[in-house]
Amino acid sequence: MDRMQQDDKLDAQLNAMFAEYRMACPDPEPSADFMPAMWKRIEARRVQTVSVFRHWAQACVLATVALTVLIGAVLIPRLQSDPASNASYVEALVSEHSSDYIQMLAGGVR
Amino acid sequence: MLVEFELIERARSGDDSAFNQIVQAYRKRILGTISRTIGRPEDVEDVGQEVFLRLYYSLDQLRTPEVFEPWLYRLTVNAAYDYLRRQRRRQESRMSDLSEQQVMLADAAAGGKRRDEEQRRTKIRELAESLLGQVSEEDRILLTLKEVEGLSLKELEKVYRVNENALKVRLFRARQRVLKAFGAQENSEAVAKAGLGSADDSE
């Protein structure tokens with residue numbers, strides 16, 4: 001028997017083996033617990049996903065509260081204590097440039 | 001298709017009873033495919049539940065009900081692949097956990113009850129699994145779907161979302177490797193039958 005014939009024979013035997021394997025392993029009957037166990041897993045995943053979102057939401061709320069407290073405790077008092085913020089725009093401008101204005105008056109208009 | 005498109009649409013829109021009906025229609029077929037792909041009867045249901053769990057949470061990504069079956073096969077392939085990869089990482093063997101004496105006792109007990117047909121089936125299963133063990137997990141699954149499950153190249157194309165030629169090349173290579181192992185097995189059996197290569201000859 002030449003090489004090609006041998007290969008063909010082996011190929012056919014392998015096909016037969018696969019077909020027998022298919023018959024030797026029929027589709028198994030699912031157990032009575034299959035559906036309840038599957039739904040339990042689906043539910044567990046849902047709860048897990050919800051709890052992940054809940055943790056995220058809690059973290060976001062905490063971060064927002066912390067930022068609000070920071071702004072309220074540090075930034076607002078600082079802005080309020082600044083005299084420039086209490087004065088009107090013209091007053092603030094005058095206080096900022098008052099020395100320039102006096103120098104300008106002393107030097108006269110050229 | 002084992003179910004109506006309308007049922008798939010209902011499941012997609014969040015109807016759990018429709019999803020339940022789909023699982024009931026497909027579970028046996030999917031468990032069969034998993035059983036022949038992973039070769040471990042004790043873990044088949046676990047992997048099967050994983051497939052349907054993934055289906056439940058990905059059903060809204062399904063474009064049309066027409067592609068439902070390839071989609072389900074794709075999920076099955078992925079779950080089986082994940083399982084086989086995990087198994088390889090663990091590198092555990094159920095038999096290796098037992099002592100030699102326990103294995104012999106288990107074999108003897110099973111052998112006493114087994115009929116000839118059962119023994120033949122077991123032999124075929126062992127042979128097929130050892131041959132499929134010669135290729136990577138991906139190729140094992142692909143080869144099983146093609147040669148054992150009988151999926152056509154067109155169907156595999158939809159499952160794997162690659163072109164037919166790429167599949168043909170992969171299948172050819174995988175089959176050649178299995179064929180080589182099968183040939184070696186056949187030769188060694190022929191040699192054993194002929195009484196060659198035995199311990200007596202070496203004297």
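Helices (H or I, at least four residues) and strands (E, at least two) are DSSP runs, numbered from the N terminus. By this definition chain B has ten helices and zero strands. From the N terminus on, its elements read α-α-α-α-α-α-α-α-α-α.

The model is predicted: local features need pLDDT of at least 70, side-chain atom pairs count only at pLDDT 80 or more, and totals for chains, interfaces and linings use all residues. Residues are numbered from 1 along each chain as its sequence is written, while chains are lettered from A and ligands numbered from 1 in the order in which they are written. The pLDDT is the predictor's confidence in each residue, from 0 to 100. Chain B averages 84, and 81% of its residues score at least 70. Over residues 196-203 of chain B the pLDDT is below 50. Beyond near neighbours in sequence, that stretch has three contacts in the model (C-beta atoms, placed from the backbone, within 7 Å). For the complex, the predictor gives an ipTM of 0.75 and a pTM of 0.69.

Of the 203 residues in chain B, 29% are buried. A residue is buried if 20 or more other C-beta atoms lie within 10 Å of its own, exposed if 12 or fewer, and partly exposed in between; C-beta atoms are placed from the backbone. Tyr160(B) lies in helix 9 (residues 153-160) of chain B. Tyr160(B) counts as partly exposed because it has 19 C-beta neighbours inside 10 Å. Its C-alpha atom is 9.0 Å from that of Val77(B), 83 residues away along the chain. Among contacts in chain B with a separation of 6 or more, 60% join residues 24 or more positions apart.

Helix 2 (residues 16-38) and helix 4 (residues 68-90) of chain B pack at about 35°, with axes 10 Å apart. Axes are lines fitted to C-alpha atoms, for helices over the stretch in contact, and angles run from 0 to 180 degrees between N-to-C directions. On the helix 2 side, the contact residues include Tyr26(B), Ile30(B) and Ile34(B). Helix 4 contributes Leu72(B), Ala80(B) and Leu84(B), among others. By class, this contact has eight nonpolar, three polar and no charged residues (Ala, Val, Leu, Ile, Met, Phe, Trp, Tyr, Cys and Pro count as nonpolar, Asp, Glu, Lys and Arg as charged, and the others, Gly among them, as polar).

Between the chains, 28 residues of chain B are in contact with 22 residues of chain A. Helix 2 of chain B supplies the largest share of the chain B side, eight residues. By class, that side has 15 nonpolar, four polar and nine charged residues.

Note on methods: Contact = placed C-beta atoms within 7 Å.
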